[in-house]
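Please consult the sequence and the structure shown below while reading.

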Amino acid sequence: MGYIRAEEILPIEVIELIQQYVDGENIYIPRKSAHRQAWGTGTQIKQELLMRNQKIYKDYLAGSKTSELACKYYLSKKSIQRILKQMGE
């Protein structure tokens with residue numbers, strides 16, 4: 001994420017007010033609630049995770065143990081168990 005210099009977009013009065021609280025530090029200004037996007041919007045990560053979880057479940061049904069799946073997919077055993085529980089529902 002890049003940043004924009006405050007002087008380029010804010011009036012000097014607003015900058016001086018902000019400087020009373022934060023002087024020379026980087027701050028994050030969150031989006032308005034109406035403009036927020038859901039997690040994963042704009043990327044394929046949700047689909048990629050679903051496909052990965054389906055492979056994990058398929059491997060489990062084929063006889064792989066949770067410890068083997070954890071090593072294969074670089075996840076903790078607890079994460080594998082959570083995925084198996086979700087996919088089994």
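## Terms and basis

Contact, or touching, means heavy atoms within 4.5 Å. The model is predicted, so local features need pLDDT of at least 70 and side-chain atom pairs count only at pLDDT 80 or more, whereas totals for chains, interfaces and linings use all residues. Residues are numbered from 1 along each chain as its sequence is written, and side-chain values use heavy atoms, with hydrogens and water left out.

## Helix H2 and isoleucine 15

Isoleucine 15 belongs to helix H2; helices (H or I, at least four residues) and strands (E, at least two) are DSSP runs, numbered from the N terminus. Isoleucine 15 has a relative accessible area of 10% and is therefore buried. Buried means under 20% relative accessible area, exposed over 50%, and partly exposed in between (1.4 Å probe, protein chains only).

Leaving aside residues up to four places away in sequence, isoleucine 15 touches Ala6, Glu7 and Leu10. Between isoleucine 15 and proline 30, which are 15 residues apart along the chain, the C-alpha atoms are separated by 17 Å.

Helix H4 covers residues 66-73, and its buried residues are Leu69, Ala70 and Tyr73. Because they span an arc of only 105 degrees around the axis, they lie on the same side of H4; the arc is that of the directions from the helix axis to the C-beta atoms. An α-helix has 3.6 residues a turn, so residues three or four places apart point the same way. The cover over the buried residues of H4 includes helix H3 (45-61) and helix H5 (77-88).

The largest nonpolar core has seven residues: Ile56, Leu69, Ala70, Tyr73, Ile80, Ile83 and Leu84. H4 and H5 each supply at least two residues of this core. A nonpolar core is a set of buried Ala, Val, Leu, Ile, Met, Phe, Trp, Tyr and Cys residues joined through side-chain atoms within 4.5 Å. With residues up to four places away in sequence not counted, alanine 70 touches Leu75, Ser76, Lys77 and Ile80.

Aspartate 59 is found in helix H3. Its relative accessible area is 17%, so aspartate 59 counts as buried. Beyond residues up to four places away in sequence, aspartate 59 touches Ser64, Leu69, Lys72 and Tyr73.

Tyrosine 74 lies in the loop between H4 and H5. Although tyrosine 74 is not a glycine, its phi is positive, at about 55 degrees. Tyrosine 74 is exposed because its relative accessible area is 76%.

## The largest pocket

The largest pocket holds about 860 Å³ of space. Of the 20 residues that line this pocket, the closest to its centre are Tyr3, Ile4, Arg5, Ala6 and Ile27. Helix H1 (6-9) and helix H2 (12-19) are the elements that give two or more residues to the lining. On a 1 Å grid over the protein atoms alone, a cavity is a set of points where a 1.4 Å probe fits but cannot get out, and a pocket is an open set with protein on both sides within 12 Å along at least five of seven lines; lining residues have an atom within 4 Å of a point. Grid points are joined across faces, edges and corners, and a volume is the space filled by probe spheres set on the points.

The lining comprises 12 nonpolar, four polar and four charged residues. Here Ala, Val, Leu, Ile, Met, Phe, Trp, Tyr, Cys and Pro count as nonpolar, Asp, Glu, Lys and Arg as charged, and the others, Gly among them, as polar. Tyrosine 3 is in the segment before H1 and, at 72% relative accessibility, counts as exposed. The C-alpha atoms of tyrosine 3 and asparagine 26 are separated by 9.1 Å, with the two residues 23 apart along the chain.
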